[in-house]
Amino acid sequence: MKPRYQALALFAVAIVLPLIFNNGSFVNFLTDAGAFVLLALGLNIVVGFAGLLDLGYAAFFAIGSYSFAMLASPQFGIHIPFWIMLFLASGIAAVFGILLGAPTLRLRGDYLAIVTLGFGEIVPQTFLNLSQWTGGPNGISSLDQPTFFGYRFGFAVLPYYYVMLALIAFAILAATNLRSSRLGRAWMAIREDELAAAHMGINTTTTKLSAFALGASFSGLAGVAYGAKLQLVSPDQFQFNVSVTILAMLVLGGMGNIPGVILGSLVISSLDRFILPQATNFLHGVFHLDIDLTNSRFMIYGVILVLMMLFRPEGLLPSRQRAAELRPAESDPGLAAQEQALYNEVTR
Amino acid sequence: MDVILQQLINGLSLGGIYALIALGYTMVYGIIELINFAHGDIYTLGTFFSLAVLTLLGVSGELHGWPLVGTAILTIFVAMLLCGITGVLVERLAYRRLRNAPRLAPLITAIGMSFILENIMQYWRGPSPVPFPEVFPNPSFHIGTVDIAAKQIFVVLLAVVMMIVLQLFIYNTKLGKAMRATAQDRDAAQLMGVNINTMIMLTFLIGSALAGAAGFVSGVYYGSTWFFNGFAAGLKAFTAAVLGGIGNLAGAMLGGFLIGLIEALTTQFISDQWSNVVVFSVLVLVLIFRPSGLLGESLPNKV
């Protein structure tokens, strides 16, 4: 089956899934997981496609959420419709991506990682401190509920689920098309060898900047949808942990590969919500051990990051090209096969 | 004016802690060009190790005279040793295999190690702040209208002494020379018979041991710690290393004291809430306008 039909089949499943398992908390979980799929797809553009390590991605998520919270809530009495906010917030996030990227993208990769990390600390702290506008630690609540041709979304989670699904479909389409576009190929060239790419006539600064801006705009979408669903934003939703969680999704699934990234984010989300609580109950019930594994989620993310990078840096579902790059070139027969794979990928 | 002087003193002692941590960042970066993300957590481990030693010795309050000196030396020594071993283990487990991998790879494992260490500390001592005994007597010296606490003098002295010993070691011993050679050109050093694995281990040992000393000092200085302490402190110390010029030992020291001053002055004149924002903004600005730092040389692009 062609990948396109596989994707359509999976989407058909995703559409009927909440109708079959019509259970509020399950649909709620799927919607939250959807927000993280969106975030992972956005971070994938920056880290996976362009190879720029962004450790403060949650900051853009925060900017998207707070734009929605300030422009569509009783906070200032401004009520811009949800659908317009989707565009507006992703635009605002993209502008901040450019503002952060423009001066810093000349830096070497690891410095860039630290600058983005610093930015990721500054943004939530600023939202926390500017309490006269942002509500400080309490955040902003009772955000506007979206309406769709007169239908008011209310508090039921199902409509938000379908919005999230539509956004994911859009994001996948956008990311797939970007990947094979001139811009996408320029990102990959930079990721592989920045100096060589520059010598081939790629303007590395604007190319990297566009990766930052486009990646940030995805998190703007996620921020609006997540904020509308939760009806609340507060600074503690956007800590460093969130950025690392999204990074772990990418590393687990496979940086640079869209199906891999989606798989990674779904695995981590369900680990968080189902597997760890179940395992805790299992340990308690069967072995009478009182270990709360849900407190260990960041330990587990840390272990995932270390083990994956050491033993399978290309992720569970790798893109062939990324696998060839991330494997150190030590075994010659393998290298030939990888180069062949790379060649196939490029000429496909 | 008095307020400024007082904050200068506070900033210097705060800066002593950052300087000790920054030395570890700068040494590791100098030798394998890796931002050792777990370094801040090794510093926090240093505080917890010191606390464990003090508990074993049954120390819970002020000490005077020789018992104070003996306890301090013993505690620092054990904390440095255990942190040094931890640092070497982290390098062996998470970084060595990736020495020839793309630069992104060890950076990601470093973040992973940082999370793992934080969680281990959380299991060990719980999620809330843990008090650290006030071992230092607290006579303040009054000079004019400025107060200087004994522990503040101790912090600055310790940082300066460690720095001098480190400089002597790096520039006046054969091992130090081998370390510098490894930092300069790993392959050439290996051809000259330097065992580069040993040198990299030694770098992690010394850098992490200095973080361990900083951990003890921080316990004495702040009177408490918690498992997540190393995240912000590590980031600030990294800022210090970059500000001074990464790879440059004297630069790390200078950067540490400067960051301490900036933090103290921000706390005094703007507010406590903004000190992190100001320090990280300094980091961003330095990286943009002078990425080689105050004392560093600019690095050419490697092909």
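**Close-up views of a predicted model**

**View 1. The buried residues of helix 12 of chain A.** Ile258(A), Gly260(A), Val261(A), Ile262(A), Leu263(A), Gly264(A), Ser265(A), Ile268(A) and Ser269(A) are the buried residues of this helix in a predicted model. Their packing partners in chain A are helix 2 (24-49), helix 7 (158-180) and helix 11 (240-253).

View 2. After the helix comes His288(A), with a positive phi near 55 degrees.

**View 3. Helix 3 and helix 8 of chain B.** Here helix 3 (residues 65-95) packs with helix 8 (residues 196-222) at an angle of about 140 degrees, and their axes are 7 Å apart. The crossing is right-handed. Look for the residues in the contact, including Thr75(B), Ala79(B), Cys83(B) and Glu91(B) of helix 3 and Phe204(B), Ser208(B), Ala211(B) and Phe216(B) of helix 8. By class, the contact has 14 nonpolar, 8 polar and 1 charged residues.

**View 4. Where chain B touches chain A.** In this view, 34 residues of chain B are in contact with 36 residues of chain A. On the chain B side, helix 4 (104-125), helix 9 (229-244) and helix 11 (275-289) each supply at least two residues. Helix 4 of chain B gives the largest share, 11 residues. This side of chain B has 24 nonpolar, 8 polar and 2 charged residues.

Notes: Residues numbered from 1 in each chain as written. Chains lettered and ligands numbered in written order. Predicted model: local features only at pLDDT ≥ 70, side-chain atom pairs only at ≥ 80, totals over all residues. Contact = placed C-beta atoms within 7 Å. Helix = DSSP H or I, 4+ residues; strand = E, 2+ residues; numbered from the N terminus. Nonpolar A, V, L, I, M, F, W, Y, C, P; charged D, E, K, R; others polar. Buried ≥ 20, exposed ≤ 12 C-beta atoms within 10 Å, placed from the backbone. Axes fitted to C-alpha atoms, helices over the stretch in contact; angles between N-to-C directions. Left-handed = near helix turned anticlockwise from the far one by under 90°.
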